[in-house]
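Please look over the model shown below.

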Amino acid sequence: MASKLVATAKLIPLARLVAAAQILMLARRHWHRLEPAERQRLIVLVRQTHGRPRNLSGSERLELARLIAKADPRMFAGLVAQRFSPVRLPGRVVRGPRRRA
């Protein structure tokens, strides 16, 4: 097992490994926006789908959507884009359009 890991690491350039680590660190921040019980429930719901949203009831789909929204995937995608962009990105690209109250 360890030898496979070492062999794989040799095939992937160091820059890609660092980039993957940065993405994982950003993902962790967004994952921890959820409470532990919410994270567990999200895992249960995703496993229950087996890749097919129709395997969830309407209320479960809404619950899943609420949990995902709380993790803020839009911000995650924007931060990843900003991290690897050679130029500074506008705030609306990173954080999305300004919300009006």
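**Salt bridges and helix packing**

Arg41 is partly exposed, with a relative accessible area of 28% (buried means under 20%, exposed over 50%, partly exposed in between, with a 1.4 Å probe and protein chains only). This is a predicted model, in which local features need pLDDT of at least 70 and side-chain atom pairs count only at pLDDT 80 or more, while totals for chains, interfaces and linings use all residues. Residues are numbered from 1 along each chain as its sequence is written, and side-chain values use heavy atoms, with hydrogens and water left out. Helices are DSSP runs of H or I with at least four residues, numbered from the N terminus.

**Salt bridges**

- The structure holds 4 salt bridges, a salt bridge being a side-chain nitrogen of Lys or Arg within 4 Å of a carboxyl oxygen of Asp or Glu.
- The side chain of Arg41 forms a salt bridge with that of Glu63, at 2.9 Å from N to O. Because Arg41 lies in helix H3 and Glu63 in helix H4, the pair ties together parts that are 22 residues apart in sequence.
- Glu63 is partly exposed, its relative accessible area being 23%.
- Glu38 and Lys70 form a salt bridge, and their closest N and O atoms are 2.8 Å apart. This pair links distant parts of the chain, with Glu38 in helix H3 and Lys70 in helix H4, 32 residues apart.
- Glu38 has 15% relative accessibility and so counts as buried, whereas Lys70, at 35%, is partly exposed.
- Arg33 and Asp72 meet through their side chains in a salt bridge of 3.4 Å, N to O. The two residues are 39 apart and link distant parts of the chain: Arg33 is in the loop between helix H2 (14–31) and H3, and Asp72 is in the loop between H4 and helix H5 (73–84).
- Arg33 counts as partly exposed because its relative accessibility is 38%.

**Packing of H3 and H4**

- Two packed helices are described by the angle between their axes and the distance between the axes. Axes are lines fitted to C-alpha atoms, for helices over the stretch in contact, and angles run from 0 to 180 degrees between N-to-C directions.
- Helix H3 (residues 36–49) and helix H4 (residues 58–71) have axes that come within 10 Å and cross at roughly 130°. H3 is therefore oblique to H4; angles under 35 degrees count as roughly parallel, over 145 as roughly antiparallel, 65 to 115 as roughly perpendicular and the rest as oblique.
- The crossing of H3 and H4 is left-handed, a term used if the near helix is turned anticlockwise from the far one by less than a right angle, with right-handed used if clockwise.
- On the H3 side, the contact (heavy atoms within 4.5 Å) involves Glu38, Arg41, Leu42, Leu45, Val46 and Gln48. On the H4 side are Glu60, Glu63, Leu64, Arg66, Leu67, Ile68 and Lys70.
- The residues of the contact of H3 with H4 comprise 6 nonpolar, 1 polar and 6 charged. Ala, Val, Leu, Ile, Met, Phe, Trp, Tyr, Cys and Pro count as nonpolar, Asp, Glu, Lys and Arg as charged, and the others, Gly among them, as polar.

**Packing of H2 and H5**

- The axes of H2 and H5 are 10 Å apart, at an angle of about 150°. H2 is therefore roughly antiparallel to H5.
- H2 and H5 make a right-handed crossing.
- H2 contributes Ala19, Gln22, Ile23, Leu26, Ala27 and His30 to the contact, and H5 contributes Met75, Phe76, Leu79, Val80, Arg83 and Phe84.
- The contact of H2 with H5 has 9 nonpolar, 2 polar and 1 charged residues.

**Positive phi**

- His50 is not a glycine, yet has a positive phi of about 50°. His50 lies in the loop between H3 and H4 and is exposed, with a relative accessible area of 60%.
- Asp72, also a residue other than glycine, has a positive phi near 60°.

**Prolines**

- Pro36 is found in helix H3 and is exposed, at a relative accessible area of 53%. Pro36 and Arg52 are 16 residues apart in sequence, and their C-alpha atoms are 25 Å apart in space.
- Pro97 is in the segment after helix H6 (91–95) and counts as exposed at 65% relative accessibility.
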